[in-house]
Amino acid sequence: MVNEVLRVAMAEKGETAESLAEKVGVDPKTAGRWLAAGRIPHPGTRLAVAEVLGRDPAELWPEPFRRRDLPWFRPWVELEQDAVSIRSYEPSLVPGLLQTEAYARAVLATGGLLPAAEVDEIVGGRLARQAILARDAPSQLVAVVDEVVLRRRVAPGRTPARAP
């Protein structure tokens, strides 16, 4: 998948990954990775690239501007995007980066504390975060979970152990 909006904006300004990287002060390989869908630069770099290309950062990388995650969790999501290695210890749930849609929805809907629309938004954000594991050079993820997490039923007939 390609970030088509970024590719077109670069072509319109006559920029290559190398020339853009030089203008914003990053490695050319880093700039080249931004063309892959799901690769999002740091906020300051997004702004610098948008200025060079004469575009709005939200147009080039709309995902960070979709506020599907909780406000207190947003800094973590941005750090996660650039992480080389992620370690997770979860004694009671499957880590968010490993949750299936059905599992995430069941966990978030439990108890009826969140409206369905908010559950949809949070689940969407959680699934979008998983793109970091499908990149050409994915982050290393080490997850330690208690065995009970794999056996606990979160919805009738479903257990996390069936998740990929």
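Reader: Which residues does Q99 touch, not counting those up to four places away in sequence?

Author: V94, A104, R126, L127 and Q130 are the ones Q99 touches, where contact means heavy atoms within 4.5 Å. A word on the source: this is a predicted model, in which local features need pLDDT of at least 70 and side-chain atom pairs count only at pLDDT 80 or more, while totals for chains, interfaces and linings use all residues. Residues are numbered from 1 along each chain as its sequence is written, and side-chain values use heavy atoms, with hydrogens and water left out.

Reader: Why is Q99 called buried?

Author: The relative accessibility of Q99 is 4%, and buried means under 20% relative accessible area (exposed is over 50%, partly exposed is in between; 1.4 Å probe, protein chains only). So Q99 counts as buried. For its place in the chain, look in the loop between β1 (85–90) and α7.

Reader: What makes a stretch a helix or a strand here?

Author: Both are DSSP runs, numbered from the N terminus: helices are H or I with at least four residues, strands are E with at least two. On that basis the chain has nine helices and two strands, in the order α-α-α-α-α-α-β-α-α-β-α from the N terminus on.

Reader: Let's take α7 and α8. Why is α7 called oblique to α8?

Author: Start with the numbers: helix α7 (residues 101–109) and helix α8 (residues 116–129) pack at an angle of about 140 degrees, and their axes are 10 Å apart. Because angles under 35 degrees count as roughly parallel, over 145 as roughly antiparallel, 65 to 115 as roughly perpendicular and the rest as oblique, α7 is oblique to α8. The axes are lines fitted to C-alpha atoms, for helices over the stretch in contact, with angles running from 0 to 180 degrees between N-to-C directions.

Reader: And which residues meet there?

Author: On the α7 side they are E101, A104, R105, L108 and A109, and on the α8 side V119, D120, I122, V123, R126 and L127. By class, that contact of α7 with α8 has seven nonpolar, no polar and four charged residues. (Nonpolar covers Ala, Val, Leu, Ile, Met, Phe, Trp, Tyr, Cys and Pro; charged covers Asp, Glu, Lys and Arg; the others, Gly among them, are polar.)

Reader: What else packs on α4, and at what angle?

Author: Helix α2 (residues 17–24) does, at about 115 degrees, with the axes 10 Å apart. L20, K23 and V24 come from α2, while T45, A48, V49, V52 and L53 come from α4. Their classes are six nonpolar, one polar and one charged.

Reader: What makes E80 count as buried?

Author: E80 has 2% relative accessibility, so it falls under the 20% limit and counts as buried. E80 is found in helix α6 (residues 74–82) and touches I86, L97, R129, I132 and S139, not counting residues up to four places away in sequence. E80 and S139 are 59 residues apart in sequence and 8.5 Å apart in space, C-alpha to C-alpha.

Reader: Is N3 buried or exposed?

Author: N3 is buried: its relative accessible area is 11%, and the limit is under 20%. N3 is in the segment before α1. Leaving aside neighbours within four places in sequence, N3 is in contact with W34, L35, A36, A37, L60 and W61.

Reader: Why is P91 called partly exposed?

Author: At 38%, the relative accessible area of P91 is between the 20% and 50% limits, so it is partly exposed. P91 is found in the loop between β1 and α7. Leaving aside neighbours within four places in sequence, P91 is in contact with D146, V148 and V149. P91 and D146 are 55 residues apart along the chain, and their C-alpha atoms are separated by 5.1 Å.

Reader: How much of the whole chain is buried?

Author: Buried residues make up 33% of the 164 residues.
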